Amino acid sequence: MCMVMVLQSGLVGASAFNAPMLEHTEWESRYSSLIKSNTLPTLNVGINETSVSLCWHCDKDKAVAQVRLSENSDMSDFRLYDGKTTTAENENQLVCRVEITGLEENTSYFYQWYTENGWSEIKEYKTKAFADHKVLVVGDIQISEIHGDDASSQIYDGYVWNNMLSLALGSNPEIAYLVSPGDNTSTGNTAEEWQTLIMPEAMRQLPMALAIGNHDKKGMHYNYYTNMPNEFYGKHFYGLDRNFWFRYGDVLYLVFNSTSGDAPDHMAMAKEAVEKNQDAKWRIGVVHHGIYGAGDCIGDKETEILLNTIFTPIFESFDLDLVITGHTHSQGRSHFMENRKVVAAAESGKTYTDPEGIVYINANSVAGRVIMDYEADYLAYSFVKNDVTTYTTLEFKGNQLILETRRGDNGALLDSVTLERTKQHSENSAGNVLKRIGYKAIEVLGFIYTKIDTLVRKFS
Ligand SMILES: [Fe+2]
């Protein structure tokens with residue numbers, strides 16, 4: 001029923017994106033023609049609004065990490081960007097990574113990356129406004145693995161993902177980039193999951209910022225298919241673990257790997273990011289696990305206490321405005337939270353100026369599987385029907401941050417709330433400095449927890 005409604009909603013108009021809705025048979029045909037080559041590039045957010053990066057696989061004997069960029073569709077007067085090649089997860093390919101810098105706002109660019117057959121076909125990428133802008137938030141894209149010879153669930157996930165992007169980008173052509181709180185893939189260890197994730201044509205035009213989820217951490221492929229900015233590997237992270245941060249206009253994102261309990265490194269990344277971006281109007285946290293998310297796996301007390309102990313003091317002592325989470329496959333949004341309590345209501349449709357506390361939004365799952373019902377007093381809003389997927393947009397407009405959550409099949413508005421910031425952040429207040437001093441004890445415990453966790457992973 002869900003996809004019938006997607007198709008009935010029709011083509012959503014011309015936009016800055018080439019993101020056509022496809023019938024299942026059309027998507028299946030696209031999938032079949034692209035899934036084997038393992039050469040599609042990811043477009044990743046850059047360290048700030050003037051840069052993006054490309055990451056792709058190439059035959060190891062022919063790999064050259066170069067990208068051409070031009071303001072002309074015939075690629076005349078192109079700029080050439082050099083990058084790096086590194087080993088891939090397979091023996092036949094290398095991974096090429098190239099950062100594109102010096103982008104200007106609201107500009108049409110054309111680009112090509114170097115493939116084993118020479119320069120790729122030309123793709124168009126339109127930058128958006130740098131100050132006021134809009135962001136797409138989608139969680140738990142979680143592209144399925146192929147089960148034996150059966151790729152049907154992977155094909156279906158890609159189909160839903162493609163058409164949700166088509167709807168969201170068609171309705172919001174001003175979207176500048178995608179933020180996801182992780183579980184981008186299901187097993188984290190197959191190339192096909194990543195190729196399906198980036199198979200929609202829109203992914204050549206939409207830079208993405210992808211957190212690491214517990215499913216991604218089942219494998220190591222995130223390492224080879226992403227190129228996130230300011231990656232922070234810390235002193236104690238293990239395997240896939242890393243955090244990253246980036247800035248776009250007036251917004252600072254702190255993206256944590258919540259699959260690690262490494263408190264010292266989480267705190268260190270937050271300090272680094274905030275100290276280098278004192279002038280950012282908005283501070284947004286991204287973690288995979290739904291600390292205040294809808295969904296009954298958050299009823300697991302051990303997980304809840306662990307997440308709250310490690311992350312909540314960081315979010316609060318650095319005065320974050322919003323935290324984006326996922327994992328529970330249930331859309332929800334909290335009231336204003338502080339110290340694990342609701343400090344003020346955040347009702348749908350209302351505007352709040354300089355509120356106390358942090359709003360947490362919990363993203364749904366793209367393919368809509370394993371929806372978990374859960375109600376809690378901290379939830380202002382919870383949408384848990386299992387036949388509908390959702391997406392959220394963040395619109396930064398002057399002093400306002402407007403959150404809107406819509407159905408992923410027909411775009412109907414489910415929830416909105418507006419935050420207005422007129423004051424400076426308060427991380428230097430006596431209370432917040434004390435919170436960070438008190439956090440030293442948590443850092444010790446987190447360090448011990450991480451060491452034990454690392455040993456368990458090594459020997460399990
Ligand atoms: Fe998860």
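In what order do the strands of the open sheet of seven strands run? Before the answer, a word on the model itself. The structure is a predicted model, in which local features need pLDDT of at least 70 and side-chain atom pairs count only at pLDDT 80 or more, while totals for chains, interfaces and linings use all residues. Residue numbers start from 1 along each chain, following the sequence as written.

The order is β13-β14-β15-β16-β21-β17-β22, and the pairing is mixed. Here two strands pair if DSSP finds at least two bridges between them. Strands (E, at least two residues) and helices (H or I, at least four) are DSSP runs, numbered from the N terminus. In general, strands of a sheet pair through backbone hydrogen bonds, either parallel or antiparallel. At the edges sit β13 (244-248) and β22 (379-383), each pairing on one side only. From one strand to the next, the twist averages 15°; axes are lines fitted to C-alpha atoms, for helices over the stretch in contact, and angles run from 0 to 180 degrees between N-to-C directions.

F246 stands opposite Y253 in β14. Helix α6 (residues 263-275) packs on the sheet and touches both β13 and β14, with its direction at about 165° to that of β14. Contact here means that the C-beta atoms of two residues, placed from the backbone, lie within 7 Å.

Zooming out, the protein has eight helices and 25 strands in total. Its C-alpha trace spans about 60 × 45 × 45 Å along the principal axes. A compact globule of 460 residues would have a radius of gyration near 23 Å, and the 21 Å of the protein agrees with that; the radius is taken over C-alpha atoms, and the globule rule is 2.2 Å times the number of residues to the power 0.38. Among contacts between residues at least 6 apart in sequence, 74% join residues at least 24 apart.

Then there are the domains: the assignment, whose bounds come from an automatic or database source, gives domain 1 (50-126) and domain 2 (133-420). Their centres, taken over C-alpha atoms, are 27 Å apart. Domain 1 brings 10 residues to the contact and domain 2 brings nine. On the domain 1 side, β2 (52-59), β6 (93-100) and β9 (123-126) each supply at least two residues.
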